[in-house]
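Try each task before reading its solution.

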Amino acid sequence: MLEQIKDWIERRRAGSTGGHDREHLPTPKTAGDQRLSDCRLIVLDLETTGLNPAKDDVIAIGAVAIRHNAIDLGDQFDLILRRPELDISETVLIHGIGPEALTQGHETEDALLHLLEWMNGDPILAYHSAFDQKFLEKALKQTLGYTQPHTWLDVAEMLPAYFPNAKTGGKGLDNWADFFDLEVSARHHAAADAMVTAELTLAVINKAQKSGVTSLRDFNGKLKYYRQLKNIHRQG
């Protein structure tokens, strides 16, 4: 991934990246009738300076693509942003990204443009996706003036929706990873967390297809139904 973005940045600066720029970026795809098995899905995780999107910032992006019901190990994104001005004193012990890494990271504009091109407008999945969505949308708007809405799906909602009787002992990523006996190589590392989230997503996709869900619209519809049921239970 490091060599890919270095090559991309050099081509962009030379004006040969294929024509994409701020005005000609891929159009986000909606959840329609496309077959779930044919979709390219982006599983993403961010590391940030804190938990408040109003005052904290993205410092690392990890993502991997799912296509044809499998994780494509040759289709990944893993970058630390160049943000030496940020205060990471409260979170460095969690994500391990220190001042030196932020000084040597990739320019934020280049990294975000490359991310948008790499994602190609495909649906984005994340664990507790509202968190990642708020932070990424803030970074894209502040850095690029980019405000196009992408399709986001929450893996933290998908799992109990498709595995309602699972005894996980909690609602966290680690709880579900333990339930499926998955190995987590490094928690709070964006690329590693994206990978385990992708593995959990595959379990959900497999269960969904066995239950007759074939399109991305139906896949997304199951989440909407699950949210409605949760709201009814809360009101009751």
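**Exercise 1. List the buried residues of helix α4, then check the helix's length.**

Solution. This is a predicted model, so please read every value here as computed from it. Start with burial, where the cut-off is under 20% relative accessible area.

Next, the length. Helix α4 runs over residues 108-119, and at 1.5 Å a residue its 12 residues should span 16 Å. The end C-alpha atoms are 16 Å apart, so expectation and model agree.

**Exercise 2. Find the residue that follows α4 and describe its setting.**

Solution. Step one: the residue is Asn120, and its phi is positive, near 60 degrees. Step two: Asn120 sits in the loop between α4 and β4 (124-126). Step three: with a relative accessible area of 36%, Asn120 is partly exposed, because that class lies between 20% and 50%. Finally, look along the chain: Ile42 is 78 residues away from Asn120, yet their C-alpha atoms are separated by 9.4 Å.

**Exercise 3. Work out which strands pair with β1, and in which sense.**

Solution. Begin with β1 itself, residues 40-48: 9 of its 9 residues are buried, so the strand is largely enclosed by the rest of the structure. Arg40, Ile42, Leu44, Leu46 and Thr48 point one way, while Leu41, Val43, Asp45 and Glu47 point the other way, and all are buried.

Now take the partners in turn. With β2, strand β1 pairs in the antiparallel sense over 9 bridges; Leu44 has Ala63 of β2 as its bridge partner. With β4, the pairing of β1 is parallel, over 2 bridges, and Val43 stands opposite Leu125 there.

Then follow β2 onward. Strand β2 (residues 58-67) and strand β3 (residues 70-80) pair in the antiparallel sense over 8 bridges, with Ile61 opposite Leu79. The two form a hairpin with 2 residues between them, and in the turn His68 has a positive phi of about 55 degrees.

**Exercise 4. Locate the largest cavity and say which elements line it.**

Solution. First, count: there is 1 cavity of 30 Å³ or more. The largest cavity holds about 60 Å³ of space. Its lining consists of Leu116, Met119, Ile124, Leu136, Glu137, Leu140, Gln148, Pro149, His150 and Trp152. The elements that give two or more residues to this lining are α4 and α5 (129-144), and α5 gives the most, with 3 residues. Sorted by class, the lining has 7 nonpolar, 2 polar and 1 charged residues.

**Exercise 5. Describe helix α6, then the second largest pocket.**

Solution. Helix α6 (residues 155-162) is mostly covered, with 8 of its 8 residues buried; among them are Val155, Met158 and Tyr162.

Turn to the second largest pocket, whose volume is about 310 Å³. It is lined by 16 residues, and the closest to its centre are Ala156, Pro160, Lys171, Tyr226 and Lys230. The elements giving two or more residues to this lining are α6 and α9 (216-235). By class, the lining of the second largest pocket divides into 8 nonpolar, 3 polar and 5 charged residues.

Technical notes:
Residues are numbered from 1 along each chain as its sequence is written. This is a predicted model: local features need pLDDT of at least 70, side-chain atom pairs count only at pLDDT 80 or more; totals for chains, interfaces and linings use all residues. Side-chain values use heavy atoms; hydrogens and water are left out. Helices (H or I, at least four residues) and strands (E, at least two) are DSSP runs, numbered from the N terminus. The expected span of a helix is 1.5 Å times one less than its number of residues. Buried means under 20% relative accessible area, exposed over 50%, partly exposed in between (1.4 Å probe, protein chains only). Two strands pair if DSSP finds at least two bridges between them. On a 1 Å grid over the protein atoms alone, a cavity is a set of points where a 1.4 Å probe fits but cannot get out, and a pocket is an open set with protein on both sides within 12 Å along at least five of seven lines; lining residues have an atom within 4 Å of a point. Grid points are joined across faces, edges and corners, and a volume is the space filled by probe spheres set on the points. Ala, Val, Leu, Ile, Met, Phe, Trp, Tyr, Cys and Pro count as nonpolar, Asp, Glu, Lys and Arg as charged, and the others, Gly among them, as polar.
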